[in-house]
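Please look over the model shown here before reading on. The briefing is meant for a reader new to this structure.

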Amino acid sequence: MAGASPVLEDDSVLSRLDRGLLRVERLMGLVAGLAIFSLMLLAVRSVGGRVTLNAPLMGYVDFIEQLMPLIAILAVSFAQRDGTHIRMDLLVENLRGRALWLFELISVLLILMLMLFLIWGSWAHFQRSFDLGAPWWSRDSTTDIAMPIWPAKLLVPVAFSVLALRLLIQIYGFARALVLGLEKPVAVPMVLDAAAQAAAEAKALEEEEEQERANGPD
Amino acid sequence: MDPIEIGLWVTGGLLVMVLMGMRVAFAAALAGLVGLLLIFWSRRGFDPEHFGWAITVAAKTAGQVPHSKVASQSLSLIPTFILIGYLAYYAGLTKALFEAAKRWLAWLPGGLAVSTVFATAGFAAVSGASVATAAVFARIAIPEMLKIGYDKRFAAGVVAAGGTLASLIPPSAILVIYAIIVEQDVGKLLLAGFIPGAFSALVYGSLIVGIAMIFKNVGPPVTGFTWGQRFAALPPALPILAVVVIIIFFVYNPFGEKSWGTPTEGGAIGAFIVFCMALYKGMRWSQLKAALLETAKLTVMIFTIIWGVLIYVRFLGFADLPGAFSDWITSLSMSPMLILIMILLAYAVLGMFMDAIGMLLLTLPVVYPAVMALNGGETVSAADSAFGMSGTMCAIWFGILVVKMAEFCLITPPIGLNCFVVAGVRDDLSVQDVFKGVMPFFVADAFTIAGLIAFPQIVLWLPSLA
Amino acid sequence: TEWNVSVWGKRRAFTEHVEKLAELVAEKTDGEFTMNISYGGLSQPKENLDGISIGAFEMAQFCAGYHRDKNRAITVLELPFIGVNTLEEEVAVSHALYEHPAVKEEMAQWNARILMTSPMPQYNLVGVGEPRDTLDSMNGMRVRATGGLGEAFKAVGGVPTSVSAPEAYQAMESGVVDTVAFAQHAHLSFGTINQATWWTANLNPGTVNCPIVVNTDAYEMLSDDEREVLDSSIDESIQHYLDNYAELLARWDDVLEEKGVEKVMISDEELAKFREVAAGPIRDQWIADMSAQGLPAQELYDLVIATLEETRASN
Ligand code: NA
Ligand code: NA
């Protein structure tokens, strides 16, 4: 369901590309994390200034509005890599082999299609706020301290482009698994398959018996 | 096709994509994009010549949403709440809390389980996310329960259910999301969660005591703590209480009429205090980095659902589906209370298959206006209303009910996020085990929800004071 | 023809001319030309100009101070203490300015054409606790005020803190802001008056400018008849708006009494001090900045003042 799934690795070009992109994604994730952290520091500064010096932070809301896209969007590909984005795996959980890879492939193809349109749309959103002829190149500004908004808007198509690269890797990974009928393809998040679950359950049963033996019959 | 028809087709398509296992956030965004395309194209009579125009407008309209919807000060509460949870874990606060609860409450029948419930309730007051709470206590409380011979499934069920308290007891990410979707006061909603959350914890606790008295093998009481030991356990747990009190005082200053800050600031100050404690406990950069990465990943997961679903909601706005649904609901010749109960039952069914945040985001834009219309509108007075409460109060009451339903869904099969998380943390537990163990708590939740419907004052008393 | 219209909040005095326009247009064309007015369903308030530019909807309302860089030219109307006293004067100066080529050109960048203004009276503060009736007490005050008004409060040590109008009540209750500057209708509609213990009756620092725009392509795609009907209904819509607002203002004192809100009068001395720091310097700064960006700033300002004098003279 939710939560990360394992991504297998080996020495193939595909896997190396996967890990290469992962480095970029981790960096973006860390930047997002630091942005969250600075949200906290910003509040401390704002409250501290207000309480002690009667000098609240000018543009506090503007700063938050500029930080939020970093926090909310930058790591979108990082989460796609290991399948953190939630889904209903009622169906895929019960699929094996080629049938599973087919559904996974359709899913990532649809997401890529969506992303291409959203890169277009979010780029246009950025462009409307960007004007080479204006001071700070700004044609859209925050309300209180008139910071240019275009950098925050530019971040969206950039993050989505990284996601599109990630999706290309996953499309290739799933397509390869589909064509070759692979059991354990690299570079794509694995569904925790029935085998793993059965193993876990078997282990659990064993323990239960052990425990019963230890406790004796009631 | 008229807009309503387009709305129904696109919604059907969305369900198919979700069922076939597409990531919910992207499925919703794609449905919204296609829906916008159809709406715009329909306005040019589906003329093939105007398809290019329609797709351009749809892409650009959808492309606005990710930036413009997440750049919001009230949504900044969500990452802060998630960060607090992770930092509190590194600061060792959760363990201390559990230890104190154990020494004070474990003498009861099923005592360790009761302690777990109340420790999760305490932790809920600093944690905004149910899933994080369940994950943390799966690590801390389950081993202790197993050590003294608790039924494994039951122990897991207690933790999965206890985790849900985090979303009722403020701070709560999901209450913030509700407030944002329905444009209601975040502060009042958070306040409204207190008593229902405590009420839930009491119901869980009584249920455990009852079960332990009937089935003797479920979990023995733990006795023998001296009063000295009990009081000795308090100081390490005190910091968490201090954080709770600071956040609460911050937002609902009891000493004067003006609060010291906003919920956003209160959350951030709480995070900062916990951060300082974690530093004091010797947290290293590598641990902070891990916490930040985890926080970032969970945050982006939630926000992707938010903007994805809001693209779909933007399409609903153009199709005017909420208006149509609201008209339909108010035209039904059933009692409003019956309709409300049916809506909540529909949530229970839907929640079996969806995660809480996605479910709220997808349904509330349509359901909330209908419920408000059912009560008599946003501005209705208590006297003229169907449920005997003003429009604002109805928004709060329905919010708590819906969030409680959403929390209920976190522990129901087949997609109960908390149960998956508990099973994920513990190698020795399968998801099926956790679902079996959590089943008694369905009864408790049904009882709690019935209580909140029958006695709205449980929800509304505190916010009506504010 | 069916048009989508994007506004925000809920139906209130501020949107009455849009409602009236929709009604008139539908009536005069026997339902051939209709307008769907959506309160927040189609866009965020700050993205309405973007939506017009895209062509997502055909008509929208926006306020200049929300995003100065999107609409530099018309921010002249948001300069503090510009001297507009009545809604009629507000209409006259706005509509004269909207005809200026610099304004038209800037709107053309958004594929937009201004149809009419949403005239508003002077913004005044509401707050809780001790009234902020001196410049000293405004030092460090977090005030919800956008555009030139925000600049004015900044000049006396205030901290403009913007939240969108629908969030203002919540911002005030939760302490994000200490005071909110709104026109009377908005204090009513967004509930800030219910929070308040006082209202400044005579601060009158200025107001915001919120035009109604249409997408140029959509406007040109109308049949000649439809366009004629639309254009000829504007004056009547504005008149309806003015009548409606006049009623609201007539009721205002009763509202204050009913809600137990104190009417704070600021001394002439304090007002003069406020004007001195906020009026001249901010205007000069604005003219310098906008000239540097290639706008005929002085010309725009002079046009506003000349129109204002003309309007007064003709009455
Ligand atoms: Na909580
Ligand atoms: Na569920």
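What follows treats the chain contacts, the cysteines and one lysine in turn.

This is a predicted model, in which local features need pLDDT of at least 70 and side-chain atom pairs count only at pLDDT 80 or more, while totals for chains, interfaces and linings use all residues. Residues are numbered from 1 along each chain as its sequence is written, chains are lettered from A and ligands numbered from 1 in the order in which they are written, and side-chain values use heavy atoms, with hydrogens and water left out.

**Chain B with chain A**

- In this interface, 68 residues of chain B are in contact with 73 residues of chain A, where contact means heavy atoms within 4.5 Å.
- The two chains bury about 6400 Å² between them, 75% of it on carbon and sulfur atoms; buried area is the accessible area (1.4 Å probe) that two parts lose on being put together, summed over both.
- The rule finds one salt bridge across the interface of chain B and chain A, a salt bridge being a side-chain nitrogen of Lys or Arg within 4 Å of a carboxyl oxygen of Asp or Glu.
- A:Asp82 forms a salt bridge with B:Lys297, and the closest N and O atoms of the two are 2.6 Å apart.
- Helix α13 (residues 285-319) of chain B provides the largest share of the side of chain B that touches chain A, namely 15 residues; helices (H or I, at least four residues) and strands (E, at least two) are DSSP runs, numbered from the N terminus.
- That side of chain B has 41 nonpolar, 16 polar and eleven charged residues, where Ala, Val, Leu, Ile, Met, Phe, Trp, Tyr, Cys and Pro count as nonpolar, Asp, Glu, Lys and Arg as charged, and the others, Gly among them, as polar.

**Chain B with chain C**

- Here 26 residues of chain B are in contact with 25 residues of chain C, and the area buried between these chains is about 2000 Å², of which carbon and sulfur atoms give 46%.
- B:Arg43 forms a salt bridge with C:Glu58, with the closest N and O atoms 2.4 Å apart, and the count of salt bridges between chain B and chain C is one.
- On the side of chain B that touches chain C, α3(B) gives the most, with seven residues.
- The residues of that side divide into six nonpolar, eleven polar and nine charged.

**Cysteines**

- Over all chains the structure holds one disulfide, a disulfide being a pair of cysteine sulfur atoms within 2.5 Å.
- This disulfide is formed by C:Cys63 and C:Cys210, whose sulfur atoms are 2.0 Å apart, and the link is right-handed, with 100 degrees about the S-S bond.
- The pair links distant parts of the chain, 147 residues apart, with C:Cys63 in the loop between β3 (59-61) and α3 (87-98) of chain C and C:Cys210 in the loop between β9 (198-200) and β10 (212-215) of chain C.
- C:Cys63 counts as buried at 5% relative accessibility, as does C:Cys210 at 0%; buried means under 20% relative accessible area, exposed over 50%, and partly exposed in between (1.4 Å probe, protein chains only).
- B:Cys394 is in no disulfide, the nearest cysteine sulfur, that of B:Cys409, being 20 Å away.

**One lysine of chain C**

- C:Lys20 lies in helix α1 (residues 16-28) of chain C and is buried, with a relative accessible area of 17%.
- Leaving aside its neighbours within four places in sequence, C:Lys20 is in contact with C:Glu236, C:Ser237 and C:His240.
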